[in-house]
Amino acid sequence: MNAHEIDYEIFGEEMQYVEIELDPQEAVVAEAGSFMMMDTDIKMSTIFGDGSNQDNSVLGKIFSAGKRMLTGESLFMTAFLNIGQGKKQVSFASPYPGKILPIDLSEMGGRFICQKDAFLCAAQGVSVGIEFSKKLGRGLFGGEGFIMQKLEGDGMAFVHAGGTLAKKTLAPGEVIKVDTGCIVGFTKDVDYDIEFVGGIRNTVFGGEGLFFATLRGPGTVYIQSLPFSRLAGRVLASIPRGGKDKGEGSILGTLGDIVGGDNRF
């Protein structure tokens, strides 16, 4: 199935959203919870799986949905179809501060591998599947487990990265080492593995984890500066324990908050 040809525009800086323009009978599929707003004459419907095989057998649809469940996503996705006469817009928002990355799969060789919670939305016809790791070390210590998401097709897809997004183009044989949680995605020819940091002091006192990812070219790698797990860890660390405030305003505690401003979340 050829993906629908969609136009788009990305708005914002830290909290971005993507506005997708649909011609009559064009559609886009998205993860539940990413919808922001839409024009009239756009029909919203829940579909089983990723929408890439809606004309296939029941068994094919079940298999598609099962692949999504393995990546930790819902069995269902939401499709937005323009049933009107003219062009209509529908928008999808970032789940947390970062950047939205547009991916033209036709320019990526028809496949893009990404972390399993990065996918935001795509033109209908793009397949959202799974990429199994064939290396034990990557599966056990890679941060994403044995499974990553695989986007396949010839249309546009959009993934989300936390913080600032870095793009690295690797020459054949060129290697870059990355924190395992900072990988957003990479093109199909990039070889991905896990390497032990090494050294007793690095292992015990480094504070950066025991492993990092090695990515070998040729291909393109996208890296995020703020993985959601890192953001969530900082938020959890700031939550007062036992119902007591940390008193961040000053050494005066609660009184300091009143004088210097309440810094609590």
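## A charged trio

Glu 21 has a relative accessible area of 24%, so it counts as partly exposed. This is a predicted model, and in it Glu 21 forms a salt bridge with Lys 87, with the closest N and O atoms 3.9 Å apart. The two sit in distant parts of the chain: Glu 21 is in strand E2, while Lys 87 is in the loop between E6 and strand E7 (88-93), 66 residues apart.

Lys 87 also meets Asp 23 in a salt bridge, at 2.5 Å from N to O. Asp 23 lies in the loop between E2 and E3, 64 residues from Lys 87. Put together, Glu 21, Asp 23 and Lys 87 form a network of salt bridges. Lys 87 is partly exposed at 45% relative accessibility, and Asp 23 is partly exposed too, at 25%.

Lys 99 belongs to strand E8, and Glu 13 to the loop between strand E1 (7-11) and strand E2 (17-22), 86 residues apart. Lys 99 is partly exposed at 24% relative accessibility, whereas Glu 13, at 53%, is exposed.

## The six-stranded sheet

Now for the strands. Six of them make an open sheet with antiparallel pairing, in the order E5-E6-E3-E10-E13-E8. At the edges are E5 (42-48) and E8 (98-104), each pairing on one side only. From one strand to the next, the twist averages 20°.

Inside this sheet, E3 (residues 27-30) and E6 (residues 76-82) run antiparallel and are joined by four bridges. Look for Ala 30, which stands opposite Thr 78 in E6.

Methods: Residues are numbered from 1 along each chain as its sequence is written. This is a predicted model: local features need pLDDT of at least 70, side-chain atom pairs count only at pLDDT 80 or more; totals for chains, interfaces and linings use all residues. Side-chain values use heavy atoms; hydrogens and water are left out. Two strands pair if DSSP finds at least two bridges between them. Axes are lines fitted to C-alpha atoms, for helices over the stretch in contact, and angles run from 0 to 180 degrees between N-to-C directions. Buried means under 20% relative accessible area, exposed over 50%, partly exposed in between (1.4 Å probe, protein chains only). A salt bridge is a side-chain nitrogen of Lys or Arg within 4 Å of a carboxyl oxygen of Asp or Glu.
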